[in-house]
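Subject: Structure for you to look at

Hello,

Here is the structure I promised to pass on. Please open it next to this message, and then read my notes below.

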Amino acid sequence: SEFAVDIAPAGTDDTVLAWLYVMDAFEGGLPSARYLGLLADAAECAGAPEKYVHELRTRPSRNVGPGA
């Protein structure tokens, strides 16, 4: 399941939208390629370090599309 929450980091009045992933049941141990792609795109847009984005994009994943 995916859901978002608004949080205020400690010591600030700013709110941050944070996306979380919760595994409801064992799904084979790997996130879907689509989900990792969404995380990597969002991290890149938010200015995350290139190494972190690269690690998300190259992390092992499972295919959930045609031919899976």
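One term before the findings: a residue counts as buried when its relative accessible area is under 20%, as exposed when that area is over 50%, and as partly exposed in between. Please also keep in mind that this is a predicted model.

Overall make-up

By that cut-off, 13% of the protein's 68 residues are buried. The exposed surface comes to about 5300 Å². Carbon and sulfur atoms supply 57% of that surface. The protein has two strands and two helices. Starting at the N terminus, their order is β-β-α-α. As for contacts between residues at least 6 apart in sequence, 28% of them join residues at least 24 apart.

The helix pair

Two packed helices are described by the angle between their axes and the distance between the axes. For α1 and α2, the angle is about 170° and the axes are 8 Å apart. Angles over 145 degrees count as roughly antiparallel, so α1 is roughly antiparallel to α2. The crossing of α1 and α2 is left-handed.

Which residues meet across this pair? On the α1 side they are L36, G37, L39, A40, D41, A43 and E44. On the α2 side they are Y52, V53, L56 and R57.

The core

The largest nonpolar core is made of five residues: L36, A40, A43, V53 and L56. Two elements give two or more residues to this core, namely α1 (33-45) and α2 (50-58). The biggest share comes from α1, which gives three residues.

- L36. This residue is in helix α1. Is L36 buried or exposed? It is buried, because its relative accessible area is 6%, under the 20% cut-off. Setting aside neighbours within four places in sequence, L36 touches P31, L56, R59, P60 and S61. Of these, L56 sits 20 residues from L36 in sequence, yet the two C-alpha atoms are 6.1 Å apart.

- A43. With neighbours within four places in sequence left aside, A43 is in contact with A48, Y52, V53 and L56. Both V53 and L56 also belong to the core, as does A43.

- A48. Look for this residue in the loop between α1 and α2. A48 is partly exposed, because its relative accessible area is 24%. That value falls between the 20% and 50% cut-offs. Again leaving out neighbours within four places in sequence, A48 contacts A43 and V53.

One more spot

Where is G29? It is in the loop between β2 (16-21) and α1. G29 counts as exposed, because its relative accessibility is 52%, over the 50% cut-off. G29 and S61 are 32 residues apart in sequence, and their C-alpha atoms are 8.9 Å apart in space. S61 is also one of the contacts of L36.

In short

The core draws on α1 and α2. These helices pack with their axes 8 Å apart.

Best wishes

Notes
Residues numbered from 1 in each chain as written. Predicted model: local features only at pLDDT ≥ 70, side-chain atom pairs only at ≥ 80, totals over all residues. Heavy atoms only, no water. Helix = DSSP H or I, 4+ residues; strand = E, 2+ residues; numbered from the N terminus. Buried < 20%, exposed > 50% of the residue type's maximum accessible area, 1.4 Å probe, protein only. Contact = heavy atoms within 4.5 Å. Areas by Shrake-Rupley, 256 points an atom, 1.4 Å probe, with all protein chains shown as cover. Core = buried A, V, L, I, M, F, W, Y, C linked by side-chain atoms within 4.5 Å. Axes fitted to C-alpha atoms, helices over the stretch in contact; angles between N-to-C directions. Parallel < 35°, antiparallel > 145°, perpendicular 65-115°, else oblique. Left-handed = near helix turned anticlockwise from the far one by under 90°.
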